[in-house]
Amino acid sequence: MKLNLFSKIFIITFVIFLSVLFIYMYELRESQKNSLLKNIEIKANSLGDTITFINSDNMIIDDEVKILESLLNYVTLNKDIKNLVLSKKDDYQLLVKPNSWSQLENKLKEKRLNNSIKKSIFTEEIVYRHKYPILFSGIQWGFLYFELSVDEYNEQLKEMNKQFSILILIMLISSFFISYILARIISKPIIKLNNISNLISKGDLSQRVDIERKDEIGTLANSFNNMVENLEKSQNKLKNYQLDLEKEVEERTKELKELNDTLELRVNSEITKRQEQEQLLIQQSKLASMGEMIGNIAHQWRQPLNALGLVVQNIKFAYDFDELDDQFMDTSIEKVNRLTKNMSKTIDDFRNFFKPNKEKIAFNLDKIINETLELVDSTFENHNIDIKKDIEKDIKVFGFPNEFLQTMLNIMNNAKDAYIENNIVNGKLHLKVNKSTDFAHVTIRDNAGGIPKDIRDKIFDPYFTTKEEGRGTGIGLYMSKIIIEQNMNGKLISESIENGTIFIISLPLYKD
């Protein structure tokens with residue numbers, strides 16, 4: 001079962017509280033338990049001190065009878081003592097019990113005796129075993145071995161466990177409610193953000209997050225609302241532009257039906273007008289590519305437009321010579337549909353290029369680069385520029401595919417302009433894609449004459465251009481560097497070679 005955010009935070013917080021609680025309670029219980037053991041040890045030492053003090057004179061003169069009488073009376077009167085062994089060093093050992101005594105045949109070895117709660121040496125019951133050395137003037141006379149009752153210790157331990165159980169229950173309930181409150185405080189605004197994000201991802205950009213807080217979450221909510229508002233404005237502008245573009249395409253399609261022998265002149269006239277309009281729209285990096293894109297469309301449309309003109313002429317000729325029949329019309333309509341479908345695909349490619357990237361995604365470099373080549377292929381072919389491809393497939397990176405496509409267009413269009421400005425005949429552009437251990441590399445090599453030495457360090461500066469006024473904004477390479485290095489954590493460099501230039505794009509590989 002998939003847990004929601006509230007449940008995850010609650011469980012994690014509750015587990016942390018419980019872990020800390022049980023560690024603390026365990027340490028506290030062990031400390032209390034050791035304290036109880038220490039009390040028994042102190043009692044045993046006190047008994048040893050008392051017995052030694054009472055019998056010190058008798059022990060010095062080795063009066064065994066009086067020592068035994070004293071020990072027997074003391075053990076009989078003291079209910080805490082279960083067994084007592086008096087051991088004189090290198091001599092006898094006496095076992096004294098309440099109302100009885102005996103001499104041990106198997107002597108206790110002093111080294112094996114330790115202070116702890118264990119099973120009695122003489123009976124089956126559990127006792128506290130304690131060894132007490134008897135010293136006179138720093139010389140060991142012998143030792144006392146006690147086996148004391150643990151009834152009081154067990155009662156105290158039982159009472160302590162009862163108190164600890166009550167305390168654990170109280171802290172467990174407190175931890176539950178504290179975890180619940182913390183989980184609600186943390187998860188509520190995040191869940192609200194997530195719900196609004198889902199609505200926005202479905203296209204409802206009118207949604208806003210209603211979180212009025214003065215902490216980081218409140219700042220995040222305000223930033224989120226500002227971002228959505230800007231996105232809504234951008235989408236509205238894009239929709240308006242899309243409507244204008246679709247209206248213009250529709251108008252041009254209608255005009256196709258009226259084409260005649262002056263088709264070529266009219267197309268060239270429209271292309272010239274569009275190029276003049278495009279120069280006014282170059283304000284940002286992506287809009288700076290729009291002129292190039294429309295030029296590409298014009299080149300890609302020229303052949304199907306000519307073909308459409310021929311189809312129209314053939315229909316007219318067939319009509320004039322009375323050869324217009326159903327088969328001829330079906331064939332002609334099929335050709336027209338095929339040509340207009342290809343032209344519509346060009347528009348779709350154009351529109352897809354200008355769709356904004358909302359978030360980073362993993363994408364194949366060869367796919368985006370092939371899309372780039374489809375957009376510029378006709379333009380390069382028109383200027384006799386040969387593109388040589390050496391593309392390794394299935395190389396994945398993580399970032400913004402449209403922005404990467406924009407970077408490729410900027411570099412390739414700059415190369416195309418250099419070929420034209422330098423009057424390079426039979427230009428050759430070499431495009432290579434490969435990878436190393438952690439990075440993917442895209443290398444674009446041209447033979448368009450190279451970059452003059454005095455401006456090599458300026459080509460990535462904003463608004464720097466060598467093109468004549470009206471033909472360049474100077475932000476293409478600057479924005480390309482921003483896209484690659486800041487937005488996609490990569491590297492964009494340029495190197496001059498003999499009669500040409502190399503641009504190298506390096507991007508971190510995407511790892512699943």
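Where does N499 lie? The points below take up this residue and several others in the model, which is a predicted one.

1. **The loop residue N499.** N499 is placed in the loop between β12 (491-497) and β13 (500-508). Its phi is near 60°, a positive value in a residue other than glycine. N499 counts as exposed because its relative accessibility is 51%, and the cut-off for that class is over 50%.

2. **The loop residue N426.** A positive phi is also found at N426, where the angle is about 55° although the residue is not a glycine. N426 belongs to the loop between α11 (401-421) and β10 (427-435). With a relative accessible area of 54%, N426 is exposed.

3. **Salt bridges in general.** Side chains of opposite charge can pair when their charged atoms come close. The structure holds ten such salt bridges.

4. The side chains of E152 and K43 meet in a salt bridge, with 3.1 Å from N to O. E152 is in helix α4 and K43 is in helix α1 (residues 5-54), so this pair ties together parts that are 109 residues apart in sequence. Both residues fall in the partly exposed class: E152 has 44% relative accessibility, and K43 has a relative accessible area of 29%.

5. **The pair K367 and E371.** In the salt bridge between K367 and E371, the closest N and O atoms are 2.7 Å apart. Both residues lie in helix α10 (residues 365-382), four residues apart, which is about one turn of the helix. K367 is partly exposed, at a relative accessible area of 47%, and E371 is partly exposed as well, at 28%.

6. **The pair D438 and K511.** D438 forms a salt bridge with K511, and the closest N and O atoms are 3.3 Å apart. D438 sits in the loop between β10 and β11 (439-446), while K511 is in the segment after β13, so the pair ties together parts that are 73 residues apart in sequence. D438 is partly exposed, with a relative accessible area of 38%, whereas K511 is exposed, with 58%. Elsewhere, salt bridges that share partners join K43, D80 and E152 into one network.

7. **A negative surface patch.** Which residues form the negative surface patch? They are D322, E323, D325, D326, D330 and E334. One of them, D322, is located in the loop between α8 (290-320) and α9 (326-353). D322 counts as exposed because its relative accessibility is 71%.

8. **A nonpolar surface patch.** A nonpolar patch on the surface is formed by I178, Y180, I181, L182, I185, I186 and I190, which together have about 570 Å² of accessible area. Y180, one of these residues, is found in helix α4 (residues 151-201). The relative accessible area of Y180 is 37%, so this residue is partly exposed.

9. **The residue Q93.** Is Q93 buried or exposed? Q93 counts as buried because its relative accessibility is 3%, and buried means under 20%. Q93 lies in strand β2 (residues 93-97). A polar contact of 3.0 Å joins its side chain to that of S87.

Definitions and conventions: Residues are numbered from 1 along each chain as its sequence is written. This is a predicted model: local features need pLDDT of at least 70, side-chain atom pairs count only at pLDDT 80 or more; totals for chains, interfaces and linings use all residues. Side-chain values use heavy atoms; hydrogens and water are left out. Patches are made of residues with over 30% relative accessible area and no salt bridge: like charges are joined within 9 Å, nonpolar side chains (Val, Leu, Ile, Met, Phe, Trp, Tyr) within 5 Å. Accessible areas come from the Shrake-Rupley method with a 1.4 Å probe; for residues, only the protein chains shown count as cover. A salt bridge is a side-chain nitrogen of Lys or Arg within 4 Å of a carboxyl oxygen of Asp or Glu. Lys and Arg count as positive and Asp and Glu as negative; His and the chain ends are not counted. The place of a charge is taken as NZ of Lys, CZ of Arg, CG of Asp or CD of Glu. Helices (H or I, at least four residues) and strands (E, at least two) are DSSP runs, numbered from the N terminus. Buried means under 20% relative accessible area, exposed over 50%, partly exposed in between (1.4 Å probe, protein chains only). A polar contact is a pair of N or O atoms within 3.5 Å; within protein, one must be able to donate a hydrogen and the other to accept it, and residues adjacent in sequence count only if both atoms are side-chain atoms.
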